[in-house]
Amino acid sequence: MYARTTIAQVQPGKMAELVSILLDSVLPAARQQKGYQGGLVLTNPDTGKAEIIALWETEADMTVGEASGYYREQVAKVAHTLVGPSVREAYTVNNRE
């Protein structure tokens with residue numbers, strides 16, 4: 001299993017809007033992607049940061065969305081709520097409980 005994390009600084013007063021878009025639009029779109037295994041939306045109101053973790057069955061499943069433009073489309077949905085660019089990283093998942 002593989003995970004992609006996206007960490008972003010959220011504009012003041014935009015956290016609820018970001019979460020709403022993620023839950024109502026981005027995550028449903030992710031569920032339609034081959035190999036998607038679930039995800040987490042984490043927010044910290046004290047720092048104004050949000051982290052989205054998406055789990056994928058294979059590395060190929062994870063990277064196909066980047067090549068196809070799917071990932072960019074999802075980020076564009078929330079870009080107006082963010083301060084600057086987000087940071088994206090990929091990981092191998094060693095365990096999941």
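Residues are numbered from 1 along each chain as its sequence is written, and side-chain values use heavy atoms, with hydrogens and water left out. Because this is a predicted model, local features need pLDDT of at least 70 and side-chain atom pairs count only at pLDDT 80 or more, while totals for chains, interfaces and linings use all residues.

**View 1. Helix 2 (residues 59–68) and what covers it.** Helices here are DSSP runs of H or I with at least four residues, strands are E runs of at least two, and both are numbered from the N terminus. Look down the axis of helix 2 and its buried residues fall within an arc of 105°, so they line one face of the helix; the arc is taken from the directions from the helix axis to the C-beta atoms. Ala 60 and Ala 67, on the other side, are exposed (over 50%). The cover over the buried residues includes strand 1 (2–10), strand 3 (49–56), helix 3 (70–78) and strand 4 (82–92).

**View 2. Helix 3 and its buried face.** Tyr 70, Tyr 71, Gln 74 and Val 78 are the buried ones to look for. They fall within an arc of 100° seen down the axis of helix 3, so they line one face of the helix. Over on the other side, Arg 72 and Ala 76 are exposed. The buried residues of helix 3 pack against strand 1, helix 1, helix 2 and strand 4.

**View 3. The largest nonpolar core.** A nonpolar core is a set of buried Ala, Val, Leu, Ile, Met, Phe, Trp, Tyr and Cys residues joined through side-chain atoms within 4.5 Å. This one has 11 residues in all, among them Ala 8, Met 15, Ile 52 and Leu 82. Helix 1 (15–31) gives the largest share, 5 residues. Val 78 is in contact (heavy atoms within 4.5 Å) with Leu 18, Ile 21 and Leu 22, leaving aside neighbours within four places in sequence.

**View 4. The largest cavity.** A cavity is a set of points on a 1 Å grid over the protein atoms alone where a 1.4 Å probe fits but cannot get out, and lining residues have an atom within 4 Å of a point. About 300 Å³ of space lies inside. Of the 22 lining residues, Thr 6, Val 26, Ile 52, Tyr 71 and Gln 74 lie nearest the centre.

Terms used
Buried means under 20% relative accessible area, exposed over 50%, partly exposed in between (1.4 Å probe, protein chains only). On a 1 Å grid over the protein atoms alone, a cavity is a set of points where a 1.4 Å probe fits but cannot get out, and a pocket is an open set with protein on both sides within 12 Å along at least five of seven lines; lining residues have an atom within 4 Å of a point. Grid points are joined across faces, edges and corners, and a volume is the space filled by probe spheres set on the points.
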